Amino acid sequence: MTQPGDLRPGSPAGRLVLAAAVLGSGMAMLDGTVVTVALPRIGAEFGVPLSVLQWTVNAYMLTLAGLMLLGGALGDRYGRRRVFALGVVWFAVASVLCGLAWTDTVLIAARALQGVGGALLTPGSLALIQASFRPEDRARAVGLWSGLGGVAIAVGPFLGGWLVDGPGWRWIFYINVPLAAVVLLLTRRVPESRDPLASGRFDITGGVLAALSLAGITHALIEASGGPEGLVAAATAAGGVLCGVLFVRHERRTPRPMLPLSLFRSRLFTWVNVVTLCLYAAIGGVFFLLPTQLQNVVGYDAMEAGIASLPVTLLMIALSGPAGELAQRTGPRLPLTAGPLVAAVGVLLLGRARPGSSYWPDVFPATVLQGLGMSLFVAPLTATVLAAADTGRAGTASGVNNAAARIAQLLAVAALPLAVGLSSDEYRVPEAMDRAFAAALPLCAGLMVLGALISRLTMPTGRLAGDGEEPERPQCTAHCGLTSPPLEPGRPDDGRPPAPDGGPGPPRGPET
């Protein structure tokens with residue numbers, strides 16, 4: 001059987017690994033966006049306010065983001081292929097429950113269960129690629145994974161519109177069952193890999209604190225209003241912040257942290273995750289509001305609203321792979337600066353989608369620019385994260401970055417309607433929805449510009465190492481002048497077991 005660490009993207013075994021990883025993670029990514037185009041129909045069928053629609057999206061994002069790091073750690077310990085396959089099965093079962101939901105409460109609960117499955121399979125898909133391919137081929141493989149995975153994000157509204165106007169919105173969940181079956185068949189031939197030094201107890205306390213922190217802050221943003229509800233929102237926000245502080249404190253002290261804080265001793269790893277927060281918050285906000293704007297304000301049906309974003313899909317299919325290779329050759333600074341700026345212009349141009357507007361002169365140019373920008377930055381973000389972490393911690397590193405992206409989308413969906421004054425049933429009123437959409441676009445574009453500025457100031461130039469070195473090693477100092485302090489002896493958060501005498505644990509061995 002093919003051994004991990006020696007595959008090429010063009011080989012039969014390499015193509016099989018890529019297909020399994022892309023289809024698996026794409027299934028989870030697709031579900032994060034396909035739901036948005038169905039929100040108006042879901043709201044009409046259940047007769048619910050905007051807050052329920054926000055929770056329909058965020059219940060999934062909440063468990064996905066809160067458990068992503070634990071999912072990566074489970075893969076490193078018990079085998080990335082095994083945990084990935086478990087996540088696929090879990091996700092498919094939860095999808096069936098979503099489709100069968102008879103009340104909005106059942107739907108939200110089933111969406112939360114879906115997020116648990118996504119937390120198992122999403123970091124595992126990327127870790128499979130990082131552990132299976134040769135170091136010199138990983139950037140290309142990651143570029144293909146990111147590009148095709150990004151297609152899943154972009155194709156969601158298109159597929160969702162087709163299903164909503166056809167067999168009905170429940171089929172946006174049932175479609176996951178045959179996809180999961182194909183992924184499981186492919187996964188059987190994927191080589192197994194794990195971190196040979198992963199041992200000890202899992203950080204359950206850290207996972208609980210992280211989930212409670214996200215839940216408290218999200219609930220506060222969604223439910224924030226005047227009167228008694230405002231007091232409850234303030235209390236849950238305070239509780240969420242407190243849990244976040246306790247989470248960081250716990251991760252610093254526990255010998256086996258869910259989030260090894262030593263990863264952030266690499267300035268490159270830290271800043272690329274900050275950029276991820278900015279860019280994916282903008283993406284999350286746009287894709288949450290745009291389908292509702294097109295249907296409730298412009299007058300599109302669900303299928304037309306999905307087709308409107310088709311240029312984003314096509315451009316990401318064509319350009320994300322080359323963008324990953326560009327980042328490998330030139331360093332991430334150029335694509336991570338130019339891409340968000342181009343996407344920001346596209347976001348602002350979406351403001352032309354108003355009552356009476358036409359697709360070709362008003363919507364099409366905006367989606368083209370948005371697709372070009374996203375194609376430039378999606379793959380380089382992922383490649384840069386993995387270049388800043390060693391192969392043995394690929395599951396944890398990819399989990400951190402995926403969690404950052406999902407947290408950004410989670411908070412954007414929760415906070416953006418509050419920021420633009422869209423509440424209760426106003427999303428059904430064209431005038432109110434149009435005003436809120438116009439106010440939201442500059443905020444999303446501003447996040448894109450902020451991500452570009454941070455990239456310009458912090459990202460290195462020159463070829464990415466791509467060799468799985470530890471993030472603490474100053475591999476990029478020749479290009480960007482970034483340095484990281486060495487690990488302090490005996491620190492429990494460096495991801496290694498402490499020695500009995502209190503000194504540092506055994507060094508990490510090579511990937512097997």
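**Close-up 1. Packing of helix 12 on helix 14 in a predicted model.** Helix 12 (residues 310-330) and helix 14 have axes 7 Å apart and pack at an angle of about 30 degrees. Angles under 35 degrees count as roughly parallel, and helix 12 and helix 14 are therefore roughly parallel to each other. The crossing of helix 12 with helix 14 is right-handed.

**Close-up 2. Residues in the contact of helix 12 with helix 14.** Helix 12 contributes P311, V312, L315, M316, L319, S320, A323, G324 and A327. On helix 14 the contact is made by Y359, F364, T367, V368, G371, L372, M374, S375, L376, V378, A379 and P380. By type, the residues of this contact are 16 nonpolar, five polar and no charged.

**Close-up 3. Crossing of helix 13 and helix 14.** The axes of helix 13 (residues 333-349) and helix 14 (residues 359-387) cross at roughly 155 degrees and come within 7 Å. Since angles over 145 degrees count as roughly antiparallel, helix 13 and helix 14 are therefore roughly antiparallel to each other. Their crossing is left-handed.

**Close-up 4. Residues in the contact of helix 13 with helix 14.** From helix 13, the residues involved are P335, L336, A338, G339, P340, V342, A343, V345, G346 and L349. These meet D362, A366, L369, Q370, L372, G373, M374, L376, F377, P380, L381 and T384 in helix 14. The contact of helix 13 with helix 14 comprises 16 nonpolar residues, five polar and one charged.

Technical notes: Residues are numbered from 1 along each chain as its sequence is written. This is a predicted model: local features need pLDDT of at least 70, side-chain atom pairs count only at pLDDT 80 or more; totals for chains, interfaces and linings use all residues. Side-chain values use heavy atoms; hydrogens and water are left out. Axes are lines fitted to C-alpha atoms, for helices over the stretch in contact, and angles run from 0 to 180 degrees between N-to-C directions. Helices (H or I, at least four residues) and strands (E, at least two) are DSSP runs, numbered from the N terminus. Angles under 35 degrees count as roughly parallel, over 145 as roughly antiparallel, 65 to 115 as roughly perpendicular and the rest as oblique. A crossing is left-handed if the near helix is turned anticlockwise from the far one by less than a right angle, and right-handed if clockwise. Contact means heavy atoms within 4.5 Å. Ala, Val, Leu, Ile, Met, Phe, Trp, Tyr, Cys and Pro count as nonpolar, Asp, Glu, Lys and Arg as charged, and the others, Gly among them, as polar.
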